[in-house]
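The sequence and model are shown first.

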Amino acid sequence: MVEEHEKNSESLSRVSSSQRSSGLRLLVVGAGWVGAKVLLQLRKNPALTVVTVDPREKPFAVEEGIITSVDFQKELTPWDLESVIEEVAPDLVIVTLSLI
């Protein structure tokens with residue numbers, strides 16, 4: 001659990017303060033088929049900082065090479081999402097749902 005938190009903190013610290021202030025910070029919840037489609041669209045705007053959360057180690061977006069890994073591997077429960085939202089402090093949260 002501590003290693004996961006350290007990994008998440010490291011991935012967030014790679015975003016400089018100038019990058020954070022130049023565009024919106026988005027949290028995409030779910031990186032399955034629908035989340036992958038959302039990520040493809042968001043990637044068109046390099047000013048956006050996109051952070052992902054998914055309970056699976058290799059969701060569809062990772063398998064397809066859209067992202068290399070999820071930033072937070074957590075269950076998608078209100079409790080877990082609340083802690084991620086507090087840590088990420090996004091401007092917008094996009095919740096996606098994939099049935100496959």
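Which residues does G30 touch, not counting residues up to four places away in sequence? In this predicted model, G30 touches G35, V53, D54 and T96. G30 belongs to the loop between β1 and α3. Its relative accessibility is 5%, and buried means under 20%, so G30 counts as buried. V70 is 40 residues from G30 in sequence, while the C-alpha to C-alpha distance between G30 and V70 is 9.2 Å.

The sheet is open and has three strands in the order β2-β1-β3, with parallel pairing. Because β2 (49-53) and β3 (92-95) stand at the edges with a single partner strand each, one side of each is left without a neighbour in the sheet. On average, neighbouring strands of this sheet are turned by 20° against each other, direction ignored.

Strand β1 (residues 25-29) runs parallel to β3 and is joined to β3 by four bridges. L26 has L92 in β3 as its bridge partner.

| Helix | Residues | Strands touched | Angle with the direction of β1 |
|---|---|---|---|
| α3 | residues 33-42 | β1, β2 and β3 | about 160° |
| α5 | residues 78-88 | β1, β2 and β3 | about 160° |

How values were computed:
Residues are numbered from 1 along each chain as its sequence is written. This is a predicted model: local features need pLDDT of at least 70, side-chain atom pairs count only at pLDDT 80 or more; totals for chains, interfaces and linings use all residues. Side-chain values use heavy atoms; hydrogens and water are left out. Two strands pair if DSSP finds at least two bridges between them. Helices (H or I, at least four residues) and strands (E, at least two) are DSSP runs, numbered from the N terminus. Axes are lines fitted to C-alpha atoms, for helices over the stretch in contact, and angles run from 0 to 180 degrees between N-to-C directions. Contact means heavy atoms within 4.5 Å. Buried means under 20% relative accessible area, exposed over 50%, partly exposed in between (1.4 Å probe, protein chains only).
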